[in-house]
Amino acid sequence: MAPQVRFVDDGEKLRTNKRKDPRQQAMPGKVKGKRERAAHSKARTGCRTCKARRIKCDEKQPACLRCTSTGRTCEGYEPPNPTRWLVVTGPSQPKLPPPPIHSILPTAYPDCLLEDGYVKLSFDFFRNVAAPELSHFFGKSFWSESLLSTSHQFPAVMSAILALSSLHRRFKDGLPIKGDVFAGRQYEKSLKQLIRSISSTTDKSHSRIMSLLCGVIYSVIEVLHGSCNQARRHLDGIIRLLNEEKSAKTANGGSEEVLVADKVMRDLRAIITRFDIEAATYSSRRPPQIALEPLEPLGPQRSPSPVSNLDEIEAELCRLMLHTINLIYAAKPYRYEGLGGPVPDQLLYDQENIIRNMSFWWATYESTLREAATASQSSDDTRRAVSLIVHYHTTWTSLNGCIYPSETAYDAYLFNFSEIVHYASLLNGGDSNPPQTYHSSYQHMEPVIDPNIDPNIDPNLDSYIFENLKIDTSHSTIPESSSNNTFLDVHNLLNPQSRSPSPYPTSPSSTSSTSSSQRGQNSPSPCPKPTSFSPETGLVFPLFWTALRCRDGFLRRQALAQLTHYSFQEGVWIPGAQARVASRVIEIEEDLEPWSVLEACVNGFIGSRELLPKVHDIDERKRCHHIAWPTDRVARAGDMVYSVLPQGEKGAWETRSESISY
């Protein structure tokens, strides 16, 4: 007989037909004529006094008559209890297999599935607040669809969501992350549930998806805790699992369950790929871990592939970004070996191949991305398109300068740096009209690649590659006539005993500011604390990269100013921490007083474009190479390490460091 399941509210009795034991009827010691109590319903809504006296209450308001008529004090009634209890009658049945993965999450969770009101509140907060913020730039399909549609099936995923929701709420409220007891208990509960589920199930596809989902959430939780090393361990574990994953569609056909599982796996693969890019970019010792297929040479007859949405455009760009980062790690030993050092011909060929593929990607999708970036119908697609444009220009500059030891290689890409600053300002509330001076004056600085390059050339012919990679650096300055170059100056914010004449004109509006030297070298004006959190890289690293590698004083200060006032922490990228590193690099290269540039940008002063340094003003001997910044998010302090060539291009490298706190 199948079990009967129904919900019973408080105060309602489950009526069942109870048969008397025949042996009790035949008991000899039973006294006949004793009055038996008639069957009745037990009331649970009476006042406290009548319940204590075990008598029936008339439930009059505000005090019952049974109490007042006997001179007693009616202690009132219990508040209504909305709890609904799950009652199961009938014989037990064997354990059922897990429901199919394509089961859809109901609009509202039954109260019986939630432990208490705070759990329900945490889940509602995640669904309505945390999930949209976590997918601010990328991953809306994962955080708002795939994760929620599978959380009811996997208890470990549900517990992890509750832990992340509680931590995210404390982050937005400005409360200490370490003091969240509820999140700690849910995190521990999720880990135990995950281990128990993996050991008890035989369905490898469900175990794989559950492990990947939990691993993604665990890595985000550790980032919020400031434990970057622990987050990296979680990420490396799920990447190893992802590399071993094989498509279930081939083995199981095209059933509905498999198709939906493939959708979840696509979302997982996309977000794990972006996490891998972020981790490899942030750390100088961890190359990408995701297995990549070799990048095929791009032939001249290749036609654009049809694209239906931004998912495919993003996936192709992420693939090219991974190849670029792998190239950067492979070229690092040769780049800092010394100017003119031997670079393997294969690296030069790989760089040329990635450049050709990146150029093709941009030529194919530029119009689509620019149209989506300026559209107002969907803010999610607009942010996503703007982020893709910014990431393309960031990857393009790093790709073209990753092999050359000289930092002057980046001077040819001011157009790309200006695009990063412009499109980042669109998401920061800037002017929606693109700066025409940037577009018209920097266009000639794009590298020109000969379309007649044979894709099947010998990889050892590095001279052939360099002959076909032409970069025009004859006009590497910013046009000084622009309607947007009028800014308040920071002359009075600088120490009058600075090591070089100040490039800023005097402004009476800045006389009330306190110089950085009065607060000490390691005590600049604090940057506004981020109030929002997204686990993926959006604008922090592109702006940070621009402030480091763009030697035009006006552009790099614009990037730094946006960074100091940016309200999002993006995974491991904290805008205030990166702003301090970028500020010190600018001050070192331009020979300015410590923290003067950061303090100026925090207070909204950039300076006059005509008086700020140009790219040709920054000598190679002053430029910072191979910059490493503090990564201890718990201590929030550490050493910034960088290398310089004080004796020129033919001299020896010199490593320097200084302490930075944030």
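How many residues does helix α13 have, and how far does the helix reach from its first C-alpha to its last? Select residues 345–374 to find out: α13 has 30 residues and reaches 42 Å, close to the 44 Å expected at 1.5 Å a residue. Keep in mind that you're looking at a predicted model. Now click on Y365, where α13 bends by about 55 degrees.

Next, hop over to helix α5, residues 140–151. Colour the buried residues of α5: F142, W143, S146, L147, L148, S149, T150 and S151.

Stay on W143 and show its neighbours. Leaving out residues up to four places away in sequence, W143 touches F126, A131, L134, S135, L148, L164, V216, V220, I271, P535 and E536. W143 also belongs to the largest nonpolar core, a set of 144 residues, where it joins F126, I272 and L369 as the residues with the most contacts inside. To see the element that gives the most to this core, select α8 (residues 204–225), which supplies twelve residues. There's a second, separate core too, with seven residues, including C50, C57, C67 and Y77.

Last stop: the second largest pocket, with a volume of about 1,100 Å³. Select R266, R269, A270, D311 and A315, which lie nearest its centre among the 37 lining residues. Elements giving two or more residues to this lining are α5, α9 (228–244), α11 (256–282), α12 (310–335) and α14 (379–401). Of these, α12 gives the most, with nine residues.

How values were computed. Residues numbered from 1 in each chain as written. Predicted model: local features only at pLDDT ≥ 70, side-chain atom pairs only at ≥ 80, totals over all residues. Heavy atoms only, no water. Helix = DSSP H or I, 4+ residues; strand = E, 2+ residues; numbered from the N terminus. Expected span 1.5 Å × (residues − 1). Bend = angle between axes of the 7 residues up to and from the residue. Buried < 20%, exposed > 50% of the residue type's maximum accessible area, 1.4 Å probe, protein only. Core = buried A, V, L, I, M, F, W, Y, C linked by side-chain atoms within 4.5 Å. Contact = heavy atoms within 4.5 Å. 1 Å grid on protein atoms, 1.4 Å probe; cavity = no way out; pocket = protein on both sides within 12 Å on 5 of 7 lines; lining within 4 Å. Points joined across faces, edges and corners; volume = space filled by probe spheres on them.
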